[in-house]
Amino acid sequence: MRKAIANGEHCQILVKNYKKEGRLFWNELMISPVKDASGSITHYIGIQNDVTKRVRAELRLEEQRDQLDEKVRERTFNLEESESYLTAIVETIRESLVVLDSNFHILSVNQNFCDLFKESEQQILGKDLFKIGNCKWNIPELKEMLIKVLPHKNPIEGFEFQNDFDSIGQKMLVINARQMSLKGKYQERILLAIEDISERKAMEYRKEDFINIASHEMRTPLTSIKGNIQILEKIAEKNDHSAYIKGFNATNKSVARLERLIYDLLDVAKMQSGKVQFNFEQFSLKKLIEESIEIIKHESPTYRIVVSGLKEDYVEGDYGRLEQVMINLLSNAVKYSPESSEIHVHVSCLPEYCKVSVTDNGVGISKHDQVRIFERFYRAEDISAKFPGVGVGLYVCHQIVKEHNGTLWVESVEKKGSTFNFTIPIIQGIRADV
Ligand code: ADP
């Protein structure tokens with residue numbers, strides 16, 4: 001102020017001041033020189049205003065601006081952090097990911113996609129999926145399914161296909177695709193997840209080949225052992241050698257068990273790859289049940305198999321396969337009831353289905369195991385050490401019954417016994433008893 005007065009200039013200052021009683025206030029002072037006609041300063045006019053309210057408002061504004069800046073900084077940091085978190089997830093996922101717009105143009109891809117298909121991100125971004133990689137993605141079946149993803153909200157689930165890509169050759173891929181669950185402008189987007197299962201498939205084929213070869217190798221000598229035993233058994237019977245007959249019976253039992261195990265293992269492999277052939281024919285259920293019982297009786301002569309409800313009902317199915325189911329259920333009933341010697345087989349036919357039930361008074365199955373025993377290689381924990389087996393028989397039976405449009409299920413009480421039931425459609429019009 002002193003300087004302004006010395007220079008004869010206007011000046012405006014803000015003074016932080018205190019009232020007599022000690023209260024702070026902001027004082028705005030303005031001093032302007034007043035000049036006469038010759039231009040000389042005659043006096044000064046001074047105005048002072050209490051601008052405390054205004055200054056306080058300005059200070060508050062400044063403070064809020066600072067807080068806002070801080071919040072923006074914090075948010076930006078959080079966004080950056082969550083973006084790198086999401087990127088890390090996307091890049092860690094084993095699948096190759098592609099985001100498509102509603103015209104199937106590529107909006108983004110993850111590193112796995114670029115690595116797998118040997119594509120550079122810049123080259124494919126914005127391009128039509130069906131045109132990249134020399135149009136090798138232009139697969140009619142895939143296209144047809146992708147077209148339905150957005151309008152019909154129809155996801156693609158586990159679509160497997162084999163393709164010969166220019167950059168990487170033959171690949172077996174599995175594709176899942178669905179509309180991204182986002183709102184607003186991101187709503188019309190498709191997330192495509194591609195998994196390369198070529199290695200896994202090749203391994204499965206190798207495993208299948210191995211099982212085929214191994215079971216063939218085992219079956220050949222087993223068939224000859226079986227034949228030889230049958231010849232020796234006949235000779236022993238003729239000469240009344242009861243001790244030999246007993247020995248042959250026991251051997252027969254083991255051979256039959258081994259043979260069934262080999263067939264079951266072979267079937268597991270075939271069923272997994274959908275290669276099981278079913279030869280459907282019409283036959284008498286009575287014949288099938290009686291023959292199966294005969295086989296089990298021959299193997300386990302000490303067991304009494306009581307049959308009820310058996311009539312001349314005709315069903316349609318694969319005789320050999322259904323006999324396999326019956327034999328499996330009967331031999332399980334024998335195996336898992338070591339302290340009993342009676343098994344019940346009951347047949348009841350409704351207009352559409354025949355139900356066959358095999359009941360034993362054996363060890364039973366816990367509720368927890370009842371829901372799992374039809375899985376491949378599953379065996380109830382508490383019994384697996386006591387009884388031989390590998391846990392494939394019921395899986396095979398389940399698949400066979402399913403192929404016949406029937407159902408296989410179990411009812412069981414631990415330490416009391418089990419009933420395995422299965423149904424098969426009956427052929428209308430050829431029921432001898434109706
Ligand atoms: P495996 O008998 O070779 O183990 P299965 O697939 O035939 O294979 O049976 C799977 C499991 O179901 C068995 O391990 C056993 O725990 C249970 N199970 C099957 N049949 C019976 C039965 N009659 N009584 C008790 N448990 C049974």
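**Salt bridges, core and surface of the predicted model**

In this predicted model, a salt bridge joins K171 and D196, with 3.3 Å between the closest N and O atoms. K171 belongs to strand β7 (residues 169–179) and D196 to strand β8 (residues 190–196), so the pair ties together parts that are 25 residues apart in sequence. D196 is partly exposed, because its relative accessibility is 29%.

A salt bridge also forms between the side chains of D267 and R321, at 2.7 Å from N to O. Since D267 lies in helix α8 and R321 in helix α10, this pair ties together parts that are 54 residues apart in sequence. D267 and R321 are both buried.

Distant parts of the chain are linked here: K19 sits in the loop between β1 (11–18) and β2 (24–35), whereas D50 is in strand β3 (residues 41–50), 31 residues apart. K19 counts as partly exposed because its relative accessibility is 27%; D50 also counts as partly exposed, at 45%. The model has 19 salt bridges in total.

The largest nonpolar core contains 45 residues, and those touching the most other members are L285, I289, M326, L330 and F422. At least two residues of this core are supplied by each of α8 (242–272), α9 (285–299), α10 (319–335), β12 (342–349), β13 (353–360), α13 (393–403), β14 (408–413) and β15 (417–431). Helix α10 provides the largest share, nine residues. In soluble globular proteins, nonpolar side chains tend to be buried together.

E63 counts as partly exposed because its relative accessibility is 49%, and the cut-off for an exposed residue is over 50%.

Most residues other than glycine have a negative phi. K153, however, has a positive phi near 50°. K153 is located in the loop between α6 (140–147) and β6 (156–165), and is exposed, with a relative accessible area of 59%. K415, which is not a glycine, likewise has a positive phi, of about 65°. The loop between β14 and β15 holds K415. With a relative accessible area of 76%, K415 is exposed.

Terms used. Residues numbered from 1 in each chain as written. Predicted model: local features only at pLDDT ≥ 70, side-chain atom pairs only at ≥ 80, totals over all residues. Heavy atoms only, no water. Buried < 20%, exposed > 50% of the residue type's maximum accessible area, 1.4 Å probe, protein only. Core = buried A, V, L, I, M, F, W, Y, C linked by side-chain atoms within 4.5 Å. Helix = DSSP H or I, 4+ residues; strand = E, 2+ residues; numbered from the N terminus. Salt bridge = Lys/Arg side-chain N within 4 Å of Asp/Glu carboxyl O.
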